[in-house]
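This report goes through a structure one part at a time. Look over the sequence and the model first, then read on.

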Amino acid sequence: MPTPNHDPTVGYPTNETMTRSDGPGREAGPPAIRLDGLRKTFGSGENAVTAVDDVSFEIERGTVVGLLGPNGAGKTTTIKSMLGLIVPDAGTVEIDGIDVHSQPTRAYDRVGAMLEGARNVYWRLTVRENLAFFAGLGGDSPSTVGGRHDALLEQFGLADRAETVVNELSRGMKQKVSLASTLARDVDVVFMDEPTLGLDVETSLELRAEIRRLADRDDVTILVSSHDMDVIEDICDHVLVLENGRVVADDEVDALLDVFRSQEYRIEVDDVLPAAARTRLETAVDAEWTAERDDRRRTTISFTATGGDEFYDVIDVLREHDLPLRDVESVTPDLEDVFLELTAEDGQRSTAESPADSSSPARPSRDGEPARDGGAEPARDAGEELERGDRR
Amino acid sequence: MSDGTRRDSGVPVSIPDSSIFPLLWVVAQKQVVLLLRYPLNTLSRFLTMFIFFLVVFFGGQAVAGPAITDTLDGIIVGFFLFTLAITAYSGLAWNVTREAQWGTLERLYMSPYGFGTVMAVKAGINVCLSFLWGVALLLAMMLVSGRWLTFDVVTVVPLAALTLASVIGIGFCFAGLALVYKRLENLFQLVQFGFVPLIAAPVWSYEWLTLLPIAHGSFLTRVAMSDGVRLWEFPASELVILTVVSVAYLAAGYYCFVFASRKARREGLLGHY
């Protein structure tokens, strides 16, 4: 996985404790996260459900990586296995070269995790008290983190609510407190499970900017699990797509989009298509059309161009038949389209495992894998646990 | 936390303290802050115990008359120890359930100090704070009853602490069960009531009762407070048995907790509620 451009020398300007020591030599170290052959099955016998099935990948330092997958794909189990919260049946997980399962406390020294959004802070403590608590829990002496916390509060727009009890904050604010508390001490790797779930648009955008800034400015490695494709496309350098516990795509966001770069067009003409034109369009681009026959003689032609001159071929046909253009619309695929394509259940799923041929993505069958119900993680997605009201 | 330095560069960055002080500090601070911020909640626990004592004391006087004074020392010391035991126990068993509800349990697990250490520190701080309530209740009970017991700190604190060690062991055990089986509130309450016969167990009549948790410590504390016996005046064998039994329960409970947390992680249950 290539490392995107970052400026690791830039630290938080307001507090020297937040300036990271990472220099150029940092690149030579082990990857921030390395998974090798991770496998986890819940239950046994007929009730056994394989949540994670031979998952391997590496994540370079200072990158933001999105972990995608439909419900039950194994995202949460993978993340929790990476954090040592779930013991895998097989495989190893290393964070900064440290085996999480054999040396958990050493690994935790470098890791922060925001697993349940707004829930995983103490609502009866103030914002600042939460930051102090989780910094101390991570081993940072209270006397050394005051400045860091001031900077974080400022950065997350929480400075004026620092002494407010979390319970009195809005959901978006709580979520920010959760993220700030995750960063309350110096960590190299941050895991975020649905960090923007339930946030309003403005807060979500702010949080995305913060996540991106962490990676760009502070060289923190961030793994984000989300169902929100906009979030992933917006902030991630790289995407891992899981389905039925397996990695079905592992690539940079742009490269993944390129794989599915087939362009869809909709052209509207102010007339009915003559039979000859229809035949030529069918032959040239496998076009489909719908005609409006009431008081308007109008036809909409839809086709997918996989590269080359298909668009111009269609225009040529329309010109030859004197069909006046009314509207031309191009539809560019976004990450959501790619995701749906990758995880399609119709046996026509494309794969990005061999993304070399960007003009004509391969469409293999489902790896000969027996169908599963996709429910490998019973009630394990964070979203399902977010709505429980409680006092803390 | 492990070495106070960044391994990849060797340059200290926001030096994590290698001692356990940061953990002790923030856990204690949190407990104290909550005690002060929610005084009604705190006070209601104290008042519940005090009212319970009043009912037993005045109710006993009405039923047994002056004879109540024969057992008054036992009642006062019993309430004192029961207050301590409940706080120490609930600080573990109930706390695990609540932390799972709040979504903070997994964060505690991911502490570089280790989950066991974090929970032990929480329990320790909880016991220390419970002494405040215990002593306050003790004073109130002695004031109301007019029966003033000996409270030699050097004697009572070690004896009560050893008594509570076995309670903490039980707390760890049930905290472990909560990690795996979750909603055990009813069982937790039953166990709490089980402390009453253990505190009142007639150890002087049946020696084997010293092998039960709480019982022996309760007996020695009662003797110390009502008869003014100092710690060093107890037979060494009594203190050795108390120490060994208490530490054994503590160790066994802690082992159960570690075992249960492994099981919870294997089954993906940690943090679920």
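## Chain B as a whole

In chain B, among contacts with a separation of 6 or more, 80% are between residues 24 or more positions apart. The model behind this value, and behind the others in this report, is a predicted one.

Chain B contains ten helices and zero strands. Read from the N terminus, the order of its elements is therefore α-α-α-α-α-α-α-α-α-α. The chain has 273 residues, and 42% of them count as buried.

## Annotated spans in chain B

An unreviewed UniProt entry lists several stretches of chain B under "transmembrane region": residues 47-68, 74-94, 115-144, 156-180, 187-206 and 239-260. Two of these spans can be described further in the model. For residues 74-94 of chain B, the end C-alpha atoms are 28 Å apart, and the span is 90% helix and 0% strand. For residues 187-206 of chain B, the end C-alpha atoms also lie 28 Å apart. That span is 65% helix and 0% strand.

## Helix α8 of chain B

Helix α8 of chain B covers residues 185-199, which is 15 residues. From its first C-alpha to its last, α8(B) reaches 22 Å, close to the 21 Å expected at 1.5 Å a residue.

Which residues of α8(B) are buried? They are B:Phe195, B:Leu198 and B:Ile199. These residues lie on the same side of α8(B), because they cover an arc of only 85 degrees around the axis. The face turned away from this buried side carries exposed residues: B:Asn186, B:Gln189, B:Leu190, B:Phe193 and B:Pro197.

## Chain A as a whole

Chain A has twelve helices and 14 strands. Of its 392 residues, 46% are buried. Among contacts in chain A with a separation of 6 or more, residues 24 or more positions apart account for 72%.

The domain assignment divides chain A into domain 1 (16-258) and domain 2 (262-331). The C-alpha centres of domain 1 and domain 2 of chain A are 47 Å apart.

## An open sheet in chain A

Four strands of chain A form an open sheet in the order β2-β1-β4-β5, and their pairing is antiparallel. Strands β2 (49-59) and β5 (98-99) of chain A stand at the edges and have a single partner strand each, so one side of each is left without a neighbour in the sheet.

## A covered strand in chain A

In a regular strand, side chains alternate between the two faces of the sheet. Strand β6 (residues 111-114) of chain A has A:Val111 and A:Ala113 on one side, and A:Gly112 and A:Met114 on the other. All of these residues are buried, and both faces of β6(A) are covered.

Strand β6(A) runs parallel to strand β7 (residues 189-193) of chain A, and four bridges join them. In this pair, A:Val111 stands opposite A:Val189 of β7(A).

## One residue in strand β13 of chain A

A:Thr304 belongs to strand β13 (residues 298-305) of chain A. Is A:Thr304 buried or partly exposed? A:Thr304 is partly exposed, because 15 other C-beta atoms lie within 10 Å, whereas a buried residue would need 20 or more.

A:Thr304 and A:Tyr265 are 39 residues apart along the chain, and their C-alpha atoms are separated by 6.2 Å.

Key: Residues numbered from 1 in each chain as written. Chains lettered and ligands numbered in written order. Predicted model: local features only at pLDDT ≥ 70, side-chain atom pairs only at ≥ 80, totals over all residues. Helix = DSSP H or I, 4+ residues; strand = E, 2+ residues; numbered from the N terminus. Expected span 1.5 Å × (residues − 1). Buried ≥ 20, exposed ≤ 12 C-beta atoms within 10 Å, placed from the backbone. Arc of directions from axis to C-beta. UniProt positions renumbered as here; feature names shortened; annotations may be inferred. Pairing = 2+ DSSP bridges. Contact = placed C-beta atoms within 7 Å. Domains from an automatic or database assignment.
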